[in-house]
Amino acid sequence: MADLGLPVADTIADKLQLIRTNGVGPVTYRQLLARFGSAAAAIEALPMLARRGGGRAPELADPRAVAAEVARVAKLGARYLLLDDRDYPPLLAELDDAPPALIVRGDLGLTARPCVAIVGARNASAAACRFARELALRLGEAGATVVSGLARGIDTAAHVGSLSTGTVGVIASGIDVVFPPENAELQERVAAQGLLVAEQPPGTEPRARNFPSRNRIIAGLSGGTVVVEAAPKSGSLITARLAAEAGREVMAVPGSPLDPRAQGCNLLIREGAILVQNADDVMQQIRPIDPRAVRAPGERWGAPPPADADDRARRDVAGLLGPVPVAADELIRQSGHDPAVVHMVLLELELAGRLERHAGGRVSLAG
């Protein structure tokens, strides 16, 4: 195991190798760095941690593949934004599962402004698209950056409305992949005039499992999320839920009860989302009450002190786990062990392939 006294200096290749290793998710990555001080030391410790968790160490990402990815990002005119970089968006960094690495093209300064997510139906009505486009324009004129996902419908309208004032597009594919295909020109304009953000490596095609991850970035970048039009089980409502779990404002534009595309928004309002009708309504919700409550870029909340687990703690925590996701805080309460010890046990189990992490800080046994 690496000497824990003086952390090994990391290269971007070290961090990317750890990030791209199967079994090392965003939460695990942060905990490994908090425990071992560097990606290089964490990589060296992976076999020991997995052995304690009762499994085999995950296979490390191929250094040659990592080097090829770095070269590809540079060739595309993009850059990496790592979690510990000073210009990493501070609101996004507050998420427990904040992406350890983003690939970006464009103006990072846009994320330093108040950000508002505008999301909604892909098959949106013409009236809703017009409303989203106008809302995005007015929010930009009021000094906000509009964040959306470059999908059809409401997302497209939001980006078009805010191209001239500041927009951020978050995609579920690699930075060099366009989806939907008809938004190729718009995606390039977002990268040239605004900011284009991807979590996946270049060349990654959009897959269903990547869209919820994309949605958490949209919600995490933003002080509030506005849903303009959405069906009851749409991805837009996932973004709204993730925003609420992150402690951000959730807003919705009411619609006709006769239109199925408005049912999701009306449901959000019934459940407590803020009804908004114009940009002024939105700006009132995202302005901080006290400017001193706004964190400066580069600040980070402190991590809990690292602690090793013993066999009793491992037995107790593992015995409380099952196939149904449970909050880590509940495991801490029921086990009676120190929070840092419980988190270390969960880390060992995850690296051993025995633990799955879910939204809202919940965990379950794998499989």
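## Stop one: strand β6

Now trace the chain from β5 through helix α8 (residues 184–193) to β6, a β-α-β crossover that is right-handed; that is, with the strands pointing away from you, the path from the first strand over the helix to the second runs clockwise. Helices (H or I, at least four residues) and strands (E, at least two) are DSSP runs, numbered from the N terminus.

A quick word on the model: it is predicted, so local features need pLDDT of at least 70 and side-chain atom pairs count only at pLDDT 80 or more, while totals for chains, interfaces and linings use all residues. Residues are numbered from 1 along each chain as its sequence is written, and side-chain values use heavy atoms, with hydrogens and water left out.

Show β5 (residues 167–171) next to β6: the two run parallel, joined by four bridges. Strands pair if DSSP finds at least two bridges between them.

Which residues of β6 (residues 195–198) are buried on each side? Leu195 and Val197 are on one side, Leu196 and Ala198 on the other. Buried means under 20% relative accessible area (1.4 Å probe, protein chains only).

## Stop two: Glu350

Jump to Glu350 in helix α15 (residues 339–351). Glu350 counts as buried because its relative accessibility is 11%. Leaving aside neighbours within four places in sequence, Glu350 is in contact (heavy atoms within 4.5 Å) with Gly23, Gly25, Thr28, Leu355 and Arg357. Finally, select Leu49: 301 residues from Glu350 in sequence, its C-alpha is 9.4 Å from that of Glu350.

Definitions and conventions. Buried means under 20% relative accessible area, exposed over 50%, partly exposed in between (1.4 Å probe, protein chains only).
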